[in-house]
Amino acid sequence: MTDVAGAVDRGLRGLGVSPGRAAGPVVRMAAPPVLPPPGTAHSERTVGEGLAAVADELEARAARAGGAAGEILEAQAMMAADPMLREAAEDLVKEGLDPAHALDAAFATHREALVAAGGYFAERAADLDDLRNRAVAAVLGLPMPGVPDPGHPFVLVAEDLSPADTAGLSGDVLALVTEKGGPTSHTAILARGRGLPAVVACEGALGLAEGALVAVDGGSGEVVAGLEPGEVARIQAEAAAERTRLSGSRGPGRTADGHPVKLLLNIGSAADLEVEDLGAGAEGVGLFRTELLYLGRRSTPGFDEQVAAYAAVFRACPDVVVRTLDAGTDKPLPFLDLPDEPNPALGIRGLRVDRLRPEVLDTQLAALAEAARATGTEPSVMAPMVATAAEAAAFAERARAAGIARVGVMIEVPAAALLAAEILAEVDFLSIGTNDLGQYTFAADRQHPGLADLLDPAQPALLRLVELCASAGRTAGKPVGVCGEAAGDPRLAPILAGLGVTSLSMSAVALPAVREALAGHTLEACQELAREALSGRRYQRSAVVTCGPGRGGP
Amino acid sequence: MAERTVAVGSRSGLHARPAKLFVQEAQRLGVAVKISVGAGKQVPAASMLGVLSLGARQGTEVTLWAADGPEGEAALDALAALLGRDLDASDD
């Protein structure tokens, strides 16, 4: 596509959720195959050939991946090559079934056996579903579903990505483009964590041809197809130069005229704290998520175990904001044994778990205080999902009684943002979780694929709540940070600084671009950007966020 | 029929890495060996899906079965020794 008239057709626009540019050939993630009605299926392969093709592909991927990921792929290849499975499917073919239906039935039998075995054996049922889809696609001659791994760099185009998909993502992925998903979808979070450019909610993305050369701008949300190989090489070279520039970025967060905005890290354990991250200028930890310690547990982790885990983080970094356990019916932990709810996002979660299981928070606060004492540090501790000043006061009292010096709360509920001044009278600091605050302000499910525009953190209503908190902080002389995904977005960092936010907490990979974005604006310029953003004028681009043809040209 | 009964030594049970190492060894030995939990269904030791479907946890007693003879006995010894070890702990 070289003519100028065609340029209009070659652009798509979605929501840019992970900044950066990349270019390369499209590889599409195929949808699971649909079984044709029995007897009408045209088979390209026998049962044995189909299973062998699946096993061969997984073995090749295992060899490339190596390590723990390689072992998992190898185990999956062994399931595909399983003699019992093949014999069962071949017997069904002898009875007159076509290969696709025979495989479907044989997989179903084994799936049932795994589910019946229970526990972590039952969790392998999802692997079996993936293998079933691959084997059925293989015998029907359809493209292999699941995350592709063609063995060369590529732009991954998919309807949406699940956590299972993203776990198996190859290192050759240059950028992600999905037809669905929003700013807080798994795709977006994974992309930012890996520093991959990503565009979500991009209508028409699945219409991009396999192998087509495309450019992706994860900031503006533009996806341009029909590139020449020379253009691809130029964009890749520019992206590499930009990465080099950012990798040289050092020092504390400052606007161009020296107004400080602390740059902090979001971590899940001491393992996330690379010495080089702190060396590269992270000024501390703004969000230590403690859930990791509780995952997959049948009982509460003991006091000593908690002390050891917290002390490991405090030793690595003396300036840490710890969030107490953020679990609940939306993120279930078996040992909490919480009742099912029809509407978990609006139910018992975060600090509200304390209404049913107060001993969990008591143990955690005691362990945090002991870890602080043992390491000679003064961590800050905050509670998630606080809604009222009374909840904030009660939490602060318990935390201080346990021996915690600095106590704060997260602002994720609009009610708490509206009463930021009253809440700050009870605690030492606020940390705004923009993902949940957006979800609750707009009554829009964070994972809803069709509501991406409402979940954009640049929405003026959300920013006005941030401003309320920041100005309450200024009046009280207490810090107000942001630790949601918005904090790691270089387009939003100057706006948040202009609103009066005192720190931004993000994944390590997002930090250099945020630092450079702040350094590129004076405080006055940040405040002007903030005023524009609050008015909604700046936000007009989101009116067209649901895509359609965009401008041509990379 | 020769048999051996042994308690599963791996922390994660006959799952993930331990299951993979056990099935690979059974395939490598090339002798028909079956495995069951107690008097339950016997599945081929060379079948990954069969072995996983046993749902054997750490400490579960499993029984290995092979035809009488020196080859079968040797295979049972090798596989029983493997099952008794904690395969989650090896080389990592």
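A residue counts as buried here if 20 or more other C-beta atoms lie within 10 Å of its own, as exposed if 12 or fewer do, and as partly exposed in between, with C-beta atoms placed from the backbone. By that rule, seven of the nine residues of helix α19 (residues 511–519) of chain A are buried, so this helix is largely enclosed by the rest of the structure. Please keep in mind that this is a predicted model: local features need pLDDT of at least 70, side-chain atom pairs count only at pLDDT 80 or more, and totals for chains, interfaces and linings use all residues. Residues are numbered from 1 along each chain as its sequence is written, while chains are lettered from A and ligands numbered from 1 in the order in which they are written.

**Chain A overall**

- Chain A has 20 helices and 16 strands; helices (H or I, at least four residues) and strands (E, at least two) are DSSP runs, numbered from the N terminus.
- Of the 554 residues in chain A, 48% are buried.
- Among contacts in chain A with a separation of 6 or more, 68% link residues 24 or more positions apart; a contact means that two C-beta atoms, placed from the backbone, lie within 7 Å.

**Helix α19**

- The buried residues of α19(A) are A:L511, A:P512, A:A513, A:V514, A:R515, A:A517 and A:L518.
- Their cover includes α9 (229–247), β9 (262–267), α18 (493–499) and β16 (503–506) of chain A.

**The eight-stranded sheet**

- An open sheet of eight strands with mixed pairing runs in the order β1-β8-β7-β3-β4-β5-β6-β2 in chain A; two strands pair if DSSP finds at least two bridges between them.
- At the edges sit β1 (11–13) and β2 (15–18) of chain A, each pairing on one side only.
- From one strand to the next, the twist averages 30°.
- Helix α9(A) packs on this sheet, where it touches β3 (21–28) and β7 (213–217) of chain A, and its direction makes about 125° with that of β3(A). Axes are lines fitted to C-alpha atoms, for helices over the stretch in contact, and angles run from 0 to 180 degrees between N-to-C directions.
- Strands β5 (residues 173–178) and β6 (residues 198–200) of chain A run parallel and are joined by two bridges; A:L176 stands opposite A:A198 in β6(A).

**Nonpolar cores**

- A nonpolar core is a set of buried Ala, Val, Leu, Ile, Met, Phe, Trp, Tyr and Cys residues joined through C-beta atoms within 7 Å.
- The largest core holds 87 residues, of which A:V409, A:V466, A:C469, A:L496 and A:L504 touch the most other members.
- Helix α17 (residues 460–476) of chain A gives the most to this core, seven residues.
- Leaving out residues up to four places away in sequence, A:C469 touches A:I411, A:A417, A:A420, A:L430, A:I432 and A:V480.
- A second, separate core of 58 residues includes A:M84, A:A89, A:A138 and B:A19.

- Helices α4 (residues 99–117) and α6 (residues 125–140) of chain A pack at an angle of about 175°, with their axes 9 Å apart.
- That makes α4(A) roughly antiparallel to α6(A): angles over 145 degrees count that way, under 35 as roughly parallel, 65 to 115 as roughly perpendicular and the rest as oblique.

**Where chain B meets chain A**

- The contact takes 15 residues from chain B and 17 residues from chain A.
- On the side of chain B that touches chain A, α1 (16–29) and α2 (48–53) of chain B each supply at least two residues, and α2(B) has the largest share, with five.
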